[in-house]
Amino acid sequence: MKSFGFKYGIQWVASIAALAMTSVTFSQSLQDLKNDPNNAENVLTYGMGYKQQRYSDLLQINKDTVKRLVPVWSTSLGSNYGEQGQPLVYNGVMYLVNAEYTVAINIENGQQLWRTKVDWDPNTPRVVCCGITNKGLAIYNGKVFRGTLDAHMVALDQKTGKQVWKTKIANWQEGFTITSAPLIANGVLITGISGAEFGVRGFLDGLDPETGKQLWRKYTIPAPGEKGNETWPKGDAYLRGGGSTWITGSYDADLDTVYWGVGNAGPWAPSGRPGDNLYTASVLALNPKTGDIKWHRQIVPNEMFDLDAVWEWIVGDIKYKGANRKVIMHLSRGGFLYVVDRTNGELLSAKPFEKINWATHVDMKTGRPVESEVSKKVRAGEQIELWPGQWGAKTWGHAAFNPMDGLIYTNTTHASRLVKFEPVEYKVGQRYVGLQNAPAPRDPKEPIGHMEAIDPITAKAKWRVPLMDIPNYSAVLATAGGLMFTGKETGELVALDMQTGKQLWEYKTTSGINAQPITYLHHGKQYIAVQSGIGGVNVVRMGPQLKDIPRGGSVVVFALMDK
């Protein structure tokens, strides 16, 4: 296996870049982005397609051949903060991001073409909720787009890595950050933000990708006079209402509709914000050209546990009661699996896929979860054991949807927390939560998570593989070869049989994997790529278990060894 560090890569930048420029084109059209899943040689969008299904019909690497899967090259990404990103691939070049760098690599041999350092204020990490990280980028019309920890959006020249423009989205001193990948939809660059734990007022921004000029802003917390503000108390609570948008939305190009999940309300303690608190814990169906809301569905009114709707909403077509339905699917942090008609917001299914005690069920007439006696006790001031806890029934690591068998493949979490509300006062740039949050006693015989295949309508698992010590924080890749790929915090990239969950292959990388594997074709050969580098919130949550995992980011690429 070839391995390249930064010093080696920098020596080759001029010669390799000059060679690459002679044969590589760098301009992508909107049609290219729309057709991303149909072009196996490129990966142009976050989620391996606008639908965010993370499914590939490539099948060279399959259940029979995976035993011959070996690493062919790896390249250092130069950061110790951690790797959560999803690479993009276009015409023989791989583009990657982490919190510190944007990098372009020749996929033929792993040599670095260019590397651009991200210039963010060194004081920014004090307002970062959940890890110094970045989950991905976008490419379009010869530019690479990424967010920064200090809440800027940057466009780089795809050939050289030089900055084309930089736009300030928000003031990081107020608690805003950007850790998510932007989305190009119908010619508009859309970005979300983080910061609900710091009392921000969440929003989505639509930018002109050529200039970085703001085209529109849609606040997730409506102001007085706007529809939805009646769900907030009178006064200025809406200005600190949370509703961050830190996981990238999906897009139906035929309907020209973006589906973006919205995070928790602020503060978590709900006594000072009676009402449903729109549009927290909701999915928004948006016009990408204007930011106008076509419809919304709130899954947790007056949300109070950080069990919100921010995770990915996967676009798919499924059979429901004998009819073909266009849907979006969502494994919620609160433990319910939502299936929603994406044309109009109709709720089709909402069943539990994990242990839940904060609600008894979802009322299908109203779409509202019915709070349990446990939730009533915590509202009354008592401490409770909450299932699932703030880790969620599923972490941010994205699920995959196989349109061939109709199943969702995912990592899930099985953990509780001891919680009790407490008074909190808003101060700019400081955490605004109002919750005592402590570990709950855990039965060592119980798993802490699972790898599993789930039916989206019944929310029943076809199979489950228990994880006894550390939950997975990696996304999932599903392939027509019958394989589910995902990563472990201890560094293993694993391949499971999608029919049974049996592990067929693994390779241990040099650090932990909490990133997003992809697959692509190059010169007729299938490759798997994943970023490795322990980081993110779980390093804090499970510090003792992960203390011996080496730091250091890299990307590792695999292919089948010749017979």
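Reader: Leaving aside neighbours within four places in sequence, which residues is Asp306 in contact with?
Author: The model is a predicted one. In it, Asp306 lies in the loop between β19 (293–298) and β20 (314–320). Leaving aside neighbours within four places in sequence, its contacts are Glu197, Asn264, Trp268, Arg333 and Gln390.

Reader: Is Asp306 buried or exposed?
Author: Its relative accessible area is 7%. Buried means under 20%, so Asp306 counts as buried.

Reader: What is the largest C-alpha distance among the residues UniProt lists for "binding site"?
Author: The unreviewed UniProt entry lists Glu197, Asn264 and Asp306 under that term. They are spread over 110 residues of sequence but cluster in space, with a largest C-alpha distance of 9.4 Å.

Reader: Which side chain does a polar contact of 3.4 Å join to that of Glu197?
Author: Glu197 is found in the loop between β13 (188–191) and β14 (203–207). Leaving aside neighbours within four places in sequence, its contacts include Trp268, Asp306 and Asn264. The polar contact of 3.4 Å joins the side chain of Glu197 to that of Asn264.

Reader: Which are the edge strands of the open sheet formed by 4 strands?
Author: The order in this sheet is β4-β5-β6-β7, with antiparallel pairing. Two of these strands each pair on one side only: β4 (88–90) and β7 (112–117).

Methods:
Residues are numbered from 1 along each chain as its sequence is written. This is a predicted model: local features need pLDDT of at least 70, side-chain atom pairs count only at pLDDT 80 or more; totals for chains, interfaces and linings use all residues. Side-chain values use heavy atoms; hydrogens and water are left out. UniProt positions are given in the numbering used here, feature names are shortened, and annotations may be inferred rather than shown by experiment. Helices (H or I, at least four residues) and strands (E, at least two) are DSSP runs, numbered from the N terminus. Contact means heavy atoms within 4.5 Å. A polar contact is a pair of N or O atoms within 3.5 Å; within protein, one must be able to donate a hydrogen and the other to accept it, and residues adjacent in sequence count only if both atoms are side-chain atoms. Buried means under 20% relative accessible area, exposed over 50%, partly exposed in between (1.4 Å probe, protein chains only). Two strands pair if DSSP finds at least two bridges between them.
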